[in-house]
Amino acid sequence: MNKTLTFLKSRIGQQADESASHLMRWLNPTLLAADEGKITLEFTVRHEMTNPIGILHGGTTAAIMDDSIGAAVFSYGESYFYSTINLVVDYFGRAAIGEKIIAEAFVIKKGKQLIHGQCEIWNADKTRMLAKGISNLLKTELKKPE
């Protein structure tokens, strides 16, 4: 098992206050599960995450997907950073302030330069899919600190 995955597994049941991602810390999910190439997070919809009618903003949904897929990629413990080069989101449902939502992100294909990932966002009991997204990430030349 890699050091990154060991760290993630040690954080199961905890919030993202030690995430390397500033956005993930702001979104503040609870880590439910982590495996190599897969992550499950629970978010609580807060007022500042919503649109004017009080439901989860589409941009926030996209941000949750982007960072969740990024975390799934991060779980491999690679030496280099990856950067999102596209994100396609389909919206199916809504979530209101105070609701909990589940993001399940996983890597579909990991190549030498490109990684293709997917994220599904569900209501708390996983009976209703709220959104689904796919993304491609490109390996950068930026090396992670040890």
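The exercises that follow use a predicted model.

**Exercise 1. Find the order of the strands in the open sheet, and say which strands stand at the edges.**

Solution. 
- Step 1: Trace the sheet from one side to the other. Its 6 strands come in the order 1-2-4-5-6-3, with antiparallel pairing.
- Step 2: Look at the two ends of that order. Strand 1 and strand 3 (80-91) each have a single partner strand, so one side of each lacks a neighbour in the sheet.
- Step 3: On average, neighbouring strands are turned by 20° against each other, direction ignored.

**Exercise 2. Describe how strand 1 and strand 2 are joined, and what lies in the turn.**

Solution. 
- Step 1: Count the bridges. Strand 1 (residues 30-35) and strand 2 (residues 38-44) run antiparallel and are joined by 5 of them.
- Step 2: Thr 30 is opposite Glu 42, and Leu 31 is opposite Leu 41.
- Step 3: Inspect the turn. The hairpin has 2 residues between its strands, and Gly 37 in the turn shows a positive phi of about 80°.

**Exercise 3. Identify the residues that touch the most other members of the largest nonpolar core, then follow the contacts of Ile 101.**

Solution. 
- Step 1: Among the 34 residues of this core, the ones to pick are Ile 39, Phe 43, Ile 64, Ile 101, Cys 119 and Ile 121.
- Step 2: Ask which element gives the most to the core: helix 3 (residues 58-74), with 7 residues.
- Step 3: Set aside neighbours within four places in sequence. The contacts of Ile 101 then include Phe 43, Ile 64 and Ile 121, and Glu 42 is also one of them.

**Exercise 4. Decide whether Asn 28 and Lys 126 are buried, partly exposed or exposed.**

Solution. 
- Step 1: Locate them. Asn 28 is in the loop between helix 2 (22-27) and strand 1, while Lys 126 is in the loop between strand 5 and strand 6.
- Step 2: Read the backbone. Asn 28 is not a glycine, yet has a positive phi of about 55°; Lys 126, also not a glycine, has a positive phi of about 55°.
- Step 3: Apply the cut-offs: buried is under 20% and exposed is over 50%. Asn 28 has 28% relative accessibility, so it counts as partly exposed. Lys 126 has 38%, so it counts as partly exposed too.

Conventions: Residues numbered from 1 in each chain as written. Predicted model: local features only at pLDDT ≥ 70, side-chain atom pairs only at ≥ 80, totals over all residues. Heavy atoms only, no water. Core = buried A, V, L, I, M, F, W, Y, C linked by side-chain atoms within 4.5 Å. Buried < 20%, exposed > 50% of the residue type's maximum accessible area, 1.4 Å probe, protein only. Helix = DSSP H or I, 4+ residues; strand = E, 2+ residues; numbered from the N terminus. Contact = heavy atoms within 4.5 Å. Pairing = 2+ DSSP bridges. Axes fitted to C-alpha atoms, helices over the stretch in contact; angles between N-to-C directions.
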